[in-house]
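I opened the model today to look up how its parts are arranged. These are my notes, in the order I took them.

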Amino acid sequence: MDLYQQYPIRLRINGQEREFDVESWVTLLDLLRERAGLTGTKKGCDHGQCGACTVLVDGKRINSCLTLAVMQNDHEVTTIEGLAEGAQEDDALHPLQQAFIDHDAFQCGYCTPGQICSAAGLIAEGQAKTVDDVRELMSGNLCRCGAYPGITQAVIQVMGIKQDAKPGVASGADGFTTGAVLT
Amino acid sequence: MKPFAFTQPKDVDGVLAQLALDGARPVAGGTNLLDLMKEGVMSPSQLVDINLLDKTGLDGIEASEGGLRLGALARNADTAYHDTVRKRYPLLSSAILAGASPQLRNMATNGGNLLQRTRCVYFYDVGTPCNKREPGTGCPAKHGINRQLAILGTSEQCIATHPSDMCVALRALDASVHVRSASGERVIPFAEFHRLPGDRPELDSTLQPGELITHITLPDADRFVKHSAYIKVRDRLSYAFALVSVAAALDLAEDGTIRAARIALGGVAHKPWRVEEAEQQLAGQPASETVFAAAAERILQGARGYGQNDFKLTLAKNAIVQALTTAMRGTEHAKGERA
């Protein structure tokens with residue numbers, strides 16, 4: 001058994017077919033950053049606790065640090081570089097990218113690609129109906145600068161959610177998904 | 001990570017053949033196993049990627065024989081948001097959504113959720129002794145950092161907790177775990193799937209080497225639909241492991257008399273903790289905080305703290321009363337409306 005074997009894989013990354021030969025232990029995150037040249041996706045904790053490495057695989061948000069590149073053979077990956085309309089610098093930003101700018105939803109910016117990919121996944125999932133839902137369902141992305149208010153505003157603006165909507169599926173206010181209901 | 005071989009069989013028999021090899025481990029979501037491999041806590045010589053088994057239907061979620069059948073490869077998020085699960089098993093849906101983050105729930109599978117390992121800091125830190133990681137080296141947790149750890153069913157050798165939320169609901173709802181190996185199939189009642197540490201803390205469950213979880217079944221639970229609640233108490237409001245969690249379900253008569261009750265606890269033991277005797281004592285009683293408190297006393301019988309986690313003795317009792325009271329008022333469904 002050759003432990004150092006290279007495994008040929010094919011991924012569709014941001015609409016482009018790409019082929020790689022990778023060792024078994026290479027994570028999707030390391031493949032994106034170090035072999036595909038896509039450094040927009042960030043390595044924060046490398047343990048699935050911070051969300052900086054969030055990308056979309058087949059349209060679903062995942063932590064790219066906790067999956068192996070070989071496990072994603074034949075799958076479609078979208079990173080922050082693939083969210084905007086086109087590949088040129090003057091092409092239109094994704095609405096989430098523009099909203100993050102509008103709401104100053106970052107300070108250092110390190111968590112931002114993960115935040116935006118996570119928000120794109122959240123919108124596609126269709127479970128969030130209220131501001132509290134958005135907060136709960138963005139809880140997998142930490143921002144150590146504390147830009148949370150701007151991040152939440154950016155996401156609810158794109159979703160068209162009003163501030164005063166009633167609690168919904170993930171609000172915590174109804175005890176459905178979050179901590180103890182304090183009565 | 002230490003180097004390892006990788007295979008990706010296309011059918012269950014192929015997976016079972018690979019799993020029979022020494023040092024082989026299955027990987028599906030990878031959310032816990034790959035992290036443990038990065039930390040050097042686990043170092044399998046071969047990973048058997050079972051994700052291609054989705055094409056064999058191992059990722060299905062369906063109502064069956066008056067109950068529910070959850071494929072081992074179905075993702076936690078797909079399970080929690082599934083229409084049937086939400087409508088007929090809201091307790092399970094709530095418990096799953098109380099765990100991890102949306103990204104992790106998109107990756108993690110139902111089978112993997114059962115097999116996730118304790119988050120005890122000593123288990124994770126290969127620079128310290130740990131009887132679960134390296135049998136015979138000792139347990140620093142008993143006199144060390146144990147805020148998160150167990151108060152029930154502990155042993156001299158280990159006070160680890162099982163970290164799952166989903167499993168607490170599965171225990172309350174009397175699930176069964178269906179497994180396959182080269183020698184055939186068997187069904188493990190949920191109560192017997194996870195084990196107490198005793199003098200073999202390295203064993204989390206009764207799953208045998210070479211066995212693969214194929215699916216989980218739940219019996220009909222319609223009588224609990226109107227009155228169930230999952231309460232999770234943790235150090236921050238979201239995305240944290242439970243200090244204490246409670247899955248509570250009541251079957252109430254029109255006059256408020258308890259016909260049947262289910263209560264399971266997370267964050268307090270090496271397995272989801274359930275005392276069926278306490279549930280039986282509730283039957284026939286009027287639903288009230290007083291009788292809930294008596295049940296809580298019974299469930300916590302024999303509990304002991306280890307210093308930093310002493311507060312859990314009180315917290316667990318209060319959480320039980322809170323969960324049963326919340327359940328009594330009515331299950332809170334997806335739209336914030338009571339059933």
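**Domains of chain B.** I looked up the distance between the C-alpha centres of domain 1 and domain 2 of chain B and got 37 Å. Domain 1 of chain B covers 1-48, and domain 2 of chain B covers 224-329. The bounds come from an automatic or database domain assignment.

**Ground rules.** I noted that this is a predicted model, in which local features need pLDDT of at least 70, side-chain atom pairs count only at pLDDT 80 or more, and totals for chains, interfaces and linings use all residues. Residues are numbered from 1 along each chain as its sequence is written, while chains are lettered from A and ligands numbered from 1 in the order in which they are written.

**Sheet in chain B.** I traced an open sheet of three strands, ordered β9-β10-β11 in chain B, with antiparallel pairing. Helices (H or I, at least four residues) and strands (E, at least two) are DSSP runs, numbered from the N terminus. Two strands pair if DSSP finds at least two bridges between them. The edges are β9 (228-233) and β11 (258-266) of chain B, each of which pairs on one side only. Axes are lines fitted to C-alpha atoms, for helices over the stretch in contact, and angles run from 0 to 180 degrees between N-to-C directions.

I then followed strand β10 (residues 244-252) of chain B, which runs antiparallel to β11(B) and is joined to it by eight bridges. Which residue of β11(B) is the bridge partner of B:Leu250? I found B:Ala261. Helix α13(B) packs on this sheet and touches β9, β10 and β11 of chain B. Its direction makes about 35° with that of β10(B). For contact, the C-beta atoms of two residues, placed from the backbone, must lie within 7 Å.

**Helix pair α12/α13, chain B.** I checked helix α12 (residues 289-299) of chain B against helix α13 (residues 311-329) of chain B: the angle is about 140° and the axes are 9 Å apart. That makes α12(B) oblique to α13(B). Angles under 35 degrees count as roughly parallel, over 145 as roughly antiparallel, 65 to 115 as roughly perpendicular and the rest as oblique. The crossing of α12(B) and α13(B) is right-handed. A crossing is left-handed if the near helix is turned anticlockwise from the far one by less than a right angle, and right-handed if clockwise.

From α12(B), the contact uses B:Glu289, B:Phe292, B:Ala293, B:Ala295, B:Ala296, B:Glu297 and B:Ile299. From α13(B), it uses B:Lys317, B:Ile320, B:Val321, B:Leu324 and B:Thr325. I sorted the residues of this contact into eight nonpolar, one polar and three charged. Ala, Val, Leu, Ile, Met, Phe, Trp, Tyr, Cys and Pro count as nonpolar, Asp, Glu, Lys and Arg as charged, and the others, Gly among them, as polar.

**Domains of chain A.** I moved to chain A, where domain 1 is 7-82 and domain 2 is 93-172. Their C-alpha centres are separated by 22 Å. Domain 1 of chain A gives 14 residues to the contact, and domain 2 of chain A gives 13 residues. On the domain 1 side, β3 (54-57) and β4 (60-63) of chain A each supply at least two residues. The largest share of that side, three residues, comes from β3(A). By class, I read six nonpolar, five polar and three charged residues on the domain 1 side.

**Hairpin in chain A.** I found strand β1 (residues 6-13) of chain A antiparallel to strand β2 (residues 16-23) of chain A, with eight bridges joining them. A:Leu11 has A:Arg18 of β2(A) as its bridge partner. The two strands form a hairpin with two residues between them, and A:Asn14 in the turn has a positive phi of about 50°.

**Helix α2, chain A.** I took helix α2 (residues 95-102) of chain A with helix α3 (residues 112-125) of chain A: their axes come within 10 Å and cross at roughly 125°. α2(A) and α3(A) are therefore oblique to each other. Here A:Leu96, A:Gln97 and A:Phe100 in α2(A) meet A:Thr112, A:Ile116, A:Ala119 and A:Ala120 in α3(A).

I also took α2(A) with helix α5 (residues 148-159) of chain A: their axes come within 8 Å and cross at roughly 135°. The crossing of α2(A) and α5(A) is right-handed.
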